Amino acid sequence: MSRKAVILVGFMGTGKSTVALALAAQLGWRKVDMDTAIEEDQKSSIPDLFTTRGEAYFRQVESDVLRRTVQGSDEIIVSTGGGAVLAENNRTIMLEAGLVVALTASEQTIVNRVKNDPNRPLLQGNAAAAVPALLEARKHAYDFAHVKIDTTDKSIDEIVAIIVSNLEQA
């Protein structure tokens, strides 16, 4: 692999932010949470961006921030938003930046993890109804990743170990 970067992708609630934090701590690399970077860039929360500017605007900002984040970066862990993979140009950017790891989880695990989170604009307060439909719509969205890890029954340490092992082999 030409550059040392790990890009975590996956549906909301699969553990991207938590895994990124643990992975960055173990490797001593810089961690960037895309949602936080977007909010800092736009000086607005993501739910507010969705409400005031719409999803299309948000997705364009997401692409711009992703490109700037990984451009020329080494030793970086990037935790993307769940929908970042929807744009083909984002998938290309990620694949060129480093090791792309897709985190997955069972539908019930995802619902349990996100049902009380008010910062999920696509759920609109009803995770049990929204998650299955979104999972179906995105069922192949993460297939481009170099590695897939089901986080349902794994500890954070187990997930980090799998990623480190794959990074060493890349």
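Helices (H or I, at least four residues) and strands (E, at least two) are DSSP runs, numbered from the N terminus. This is a predicted model, in which local features need pLDDT of at least 70 and side-chain atom pairs count only at pLDDT 80 or more, while totals for chains, interfaces and linings use all residues. Residues are numbered from 1 along each chain as its sequence is written, and side-chain values use heavy atoms, with hydrogens and water left out.

**Stop 1: Glu62**

Select Glu62, which lies in helix 4. Is Glu62 buried or exposed? Glu62 has a relative accessible area of 1% and is buried, where buried means under 20% relative accessible area, exposed over 50%, and partly exposed in between (1.4 Å probe, protein chains only). Leaving out residues up to four places away in sequence, Glu62 touches Met34, Ile38, Gly81, Gly83, Ala84 and Asn90, a contact being heavy atoms within 4.5 Å. Glu62 is also linked with Glu55 and Arg59 in a network of salt bridges; a salt bridge is a side-chain nitrogen of Lys or Arg within 4 Å of a carboxyl oxygen of Asp or Glu.

**Stop 2: Arg68 and Asp41**

By this rule the salt bridges number 7, and one of them joins Arg68 to Asp41, with the closest N and O atoms 2.7 Å apart. Because Arg68 lies in helix 4 and Asp41 in helix 2 (residues 34-42), the pair ties together parts that are 27 residues apart in sequence. Both residues are partly exposed, Arg68 with a relative accessible area of 46% and Asp41 with one of 33%.

**Stop 3: the nonpolar cores**

Now select Ile7, Val9 and Met94, which have the most contacts inside the largest nonpolar core, a set of 37 residues. Such a core consists of buried Ala, Val, Leu, Ile, Met, Phe, Trp, Tyr and Cys residues joined through side-chain atoms within 4.5 Å. Helix 4 (residues 55-70) gives the most to this core, with 5 residues. Apart from its neighbours within four places in sequence, Met94 is in contact with Ile7, Val9, Leu66, Thr80, Ala84, Val85, Val100 and Phe144. A second, separate core has 18 residues, among them Leu8, Val19, Leu23 and Leu167.

**Stop 4: helices 6 and 7**

In helix 6 (residues 107-114), select Thr109, Ile110, Val111 and Val114, which are buried. The buried residues of helix 6 pack against helix 7. Ala129 is in helix 7 (residues 127-137) and is partly exposed at 45% relative accessible area; Ala129 and Val111 are 18 residues apart in sequence, with their C-alpha atoms 9.2 Å apart in space.

**Stop 5: the second largest pocket**

Which residues line the second largest pocket? The lining is made up of Phe11, Thr14, Leu103, Thr104, Ala105, Ile110, Leu135, Arg138, Lys139, Tyr142, Asp143 and Lys148. On a 1 Å grid over the protein atoms alone, a pocket is an open set of points where a 1.4 Å probe fits, with protein on both sides within 12 Å along at least five of seven lines, and lining residues have an atom within 4 Å of a point. The space in this pocket is about 170 Å³, a volume being the space filled by probe spheres set on the points, which are joined across faces, edges and corners.

Two salt bridges can be selected here: Asp143 meets Lys148 at 2.9 Å, N to O, and Lys139 pairs with Glu136, the closest N and O atoms being 2.9 Å apart. Asp143 is partly exposed at 40% relative accessibility, as are Glu136 at 47% and Lys139 at 48%.
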